[in-house]
Amino acid sequence: MSHQNYDVLIVGAGPAGVAAAYLCHRQGLSYLLIESGKRVFQGIATTYPAGKNVFASRPKDSEEPFRIEELSPPEKPVTVEKYLQYVEHFVEHEQLNLQLETSFEEVQDERDGYLVSTSQGPLRAKKIILAFGSSIPKELTVYGDAKMVAKTLDDPKKYIGVRTLVIGGGNSAADVISSILRAKREADDDQPVYWAHIAETFDVNKDTAQRLGEEILLGGHIRLLPGARPRIGEVDAQGVDRLVIRTSEVRQSDGIEIYNALSFPMKNVLACIGSQGPLPMFDKLGLQSIACAEGVCRIAKEGDRLLLLTADYESTRKGIYVIGGGISPSYMCISGSSIQEQQHPNLIHTAINDAYHVVEVIRTKIKPAE
Ligand SMILES: Cc1cc2nc3c(=O)[nH]c(=O)nc-3n(C[C@H](O)[C@H](O)[C@H](O)COP(=O)(O)OP(=O)(O)OC[C@H]3O[C@@H](n4cnc5c(N)ncnc54)[C@H](O)[C@@H]3O)c2cc1C
C-alpha cells in the first residue's frame with residue numbers, strides 16, 4: 001500500500017475529474033486521480049457514437065465562462081475522437097498524477113481523512129472528490145470475485161486467437177461481438193465468440209443486427225448461449241482467474257442440481273450488461289439523499305431520490321465532495337436552514353466548473369494561510 005496520505009483523491013477521469021486534478025496540480029495540492037477505465041475520458045469514449053461532434057454547450061441562462069479553458073471543447077465543434085486526442089495529450093503534457101484501471105470501491109473514516117479501497121489496493125486521502133459521472137458500468141454479480149472481467153472493448157485484437165465470452169443481450173454486446181468477429185476475420189482466426197445472455201432471447205435493433213449478421217455471413221464463428229448464468233469467479237490451480245458460467249441447470253426435487261457449465265479465463269470475458277446511475281454507490285458510501293415529495297421538485301419526478309449536498313458540493317459525509325454528471329439533472333442543496341432542489345445540467349461545462357469551485361474550497365481548507 002502507498003504510504004502517502006494525499007490531500008485529495010479524485011475518482012473518475014472524465015471532464016470533472018481531470019479538471020479537478022489539473023487544478024490540484026496548479027494549486028500545489030498532493031492528489032491522485034483514479035479511473036476505472038483504460039484511458040482518460042473513458043466515460044465519453046464509451047458513450048459517444050463514433051464521429052459525434054462535441055459542443056461547448058453552456059447551461060441556459062448561465063453567463064459563467066468555462067473556468068478551465070484548456071479543457072473546454074472548442075467553440076467550433078470537433079469530433080469526439082479529436083477532443084479525446086487533445087485531452088489525452090493535455091494530461092500527458094501536464095504530467096497529471098493519474099492511475100488507470102483502478103476502480104473505487106469503499107471508504108472508511110480515519111483520524112486524518114479516509115482509507116479508500118480500490119481494485120488496486122488501499123489509498124489514503126484527506127479529502128475525496130467523487131467525479132464518476134452518471135452512468136456507472138454494472139458489476140457482474142457472482143459468487144467470488146469477477147473484477148478482472150472487462151466492461152469495455154478497448155482493443156478487439158486482444159481477443160484474436162482465444163475463445164471469447166461476451167455477456168449481455170443488448171446492442172452494446174452485439175456491437176462488441178461484431179468488432180471482435182471483424183478483428184478475428186482479418187487475422188484468419190476461427191476461434192469462436194460465445195454470446196451469453198441470462199434471458200432466452202436477445203434484444204438488438206435492426207442496424208446492430210445487420211452489422212452482426214454481416215460478420216456472421218462473412219464467416220464469423222459465434223455460439224449462442226441463451227439462458228446462461230454467470231455463477232462463480234475463482235482462481236484455478238495455475239493461478240488463472242476464471243469465470244464459470246452455467247449454460248443449463250435443472251434442480252431436482254431431492255435438492256440435487258444437474259448443470260452444464262463453461263469456465264473461461266476472465267481475461268477472455270467481456271460483460272456488456274449495461275450501466276446504472278450513481279445512487280447505489282452513494283447509498284453504499286452512506287451519503288444521504290432525499291426523496292422528492294409531491295410538489296417539491298421541479299426537475300426530478302416525485303419519488304426520485306436526490307443527493308443532499310451543501311452549496312460547495314460537500315456531501316453529508318464531511319470531506320467527501322460530489323461533482324459532475326453524477327449529480328445531474330438535479331440535487332438537493334442545503335443552504336442555511338433550508339433544502340431546495342438545485343438544477344445541475346449534465347454538460348462538460350458544468351463538470352469543469354464544479355471542479356473549479358470544489359478545488360478552491362478544498363485549497364482554502366488545506367492551505368488556509370495562502
Ligand atoms: C452521447 C452523449 C453526447 C453528449 N454530448 C455532449 C456535448 O456535445 N457537449 C457537452 O457539454 N456535454 C455532452 N454530453 C454530456 C457530457 O458528456 C457529460 O456532462 C460529461 O461527460 C460529465 O463529465 P463527468 O466527468 O461528470 O463524468 P464522465 O464523463 O461520465 O466521467 C466519469 C468517469 O468516471 C469513471 N468511473 C466511473 N465509476 C468509477 C469508479 N468506481 N472508479 C473509478 N472511476 C470510475 C468512468 O469510467 C468515467 O471515465 C453528452 C453525453 C452523452 C451521453
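**View A. Strand 15 and strand 16 in an antiparallel pair.** Strand 15 (residues 241–251) and strand 16 run antiparallel and are joined by nine bridges. Strands here are DSSP runs of E of at least two residues, and helices are runs of H or I of at least four, both numbered from the N terminus. Leu 243 has Phe 264 in strand 16 as its bridge partner. The model is predicted: local features need pLDDT of at least 70 and side-chain atom pairs count only at pLDDT 80 or more, while totals for chains, interfaces and linings use all residues. Residues are numbered from 1 along each chain as its sequence is written.

View B. Two strands pair if DSSP finds at least two bridges between them.

**View C. Helix 1 against helix 7.** The axes of helix 1 (residues 15–27) and helix 7 (residues 348–366) come within 8 Å and cross at roughly 35°. Axes are lines fitted to C-alpha atoms, for helices over the stretch in contact, with angles from 0 to 180 degrees between N-to-C directions. The crossing is right-handed, meaning that the near helix is turned clockwise from the far one by less than a right angle. Residues of helix 1 in the contact include Ala 16, Ala 20 and Leu 23, and those of helix 7 include Ile 352, Ala 355 and Val 359; contact requires C-beta atoms, placed from the backbone, within 7 Å. By class, 13 residues of this contact are nonpolar, one is polar and two are charged. Ala, Val, Leu, Ile, Met, Phe, Trp, Tyr, Cys and Pro count as nonpolar, Asp, Glu, Lys and Arg as charged, and the others, Gly among them, as polar.

**View D. Helix 4 against helix 5.** Helix 4 (residues 171–186) and helix 5 (residues 206–217) pack at about 25°, their axes 9 Å apart. Helix 4 is therefore roughly parallel to helix 5, a term for angles under 35 degrees. Among the residues in contact are Asp 175 and Arg 182 of helix 4 and Arg 211 and Glu 215 of helix 5. The contact divides into five nonpolar, three polar and four charged residues.

**View E. The shell around the ligand.** The ligand is surrounded by 32 residues, the closest being Gly 12, Gly 14, Gly 43, Gly 133 and Gly 324; the cut-off is a C-beta atom, placed from the backbone, within 6 Å. Helix 2 (42–47) is one of the helices that supply at least two residues, and helix 2 gives the most, with four.

How values were computed: Two residues are in contact if their C-beta atoms, placed from the backbone, lie within 7 Å. Angles under 35 degrees count as roughly parallel, over 145 as roughly antiparallel, 65 to 115 as roughly perpendicular and the rest as oblique.
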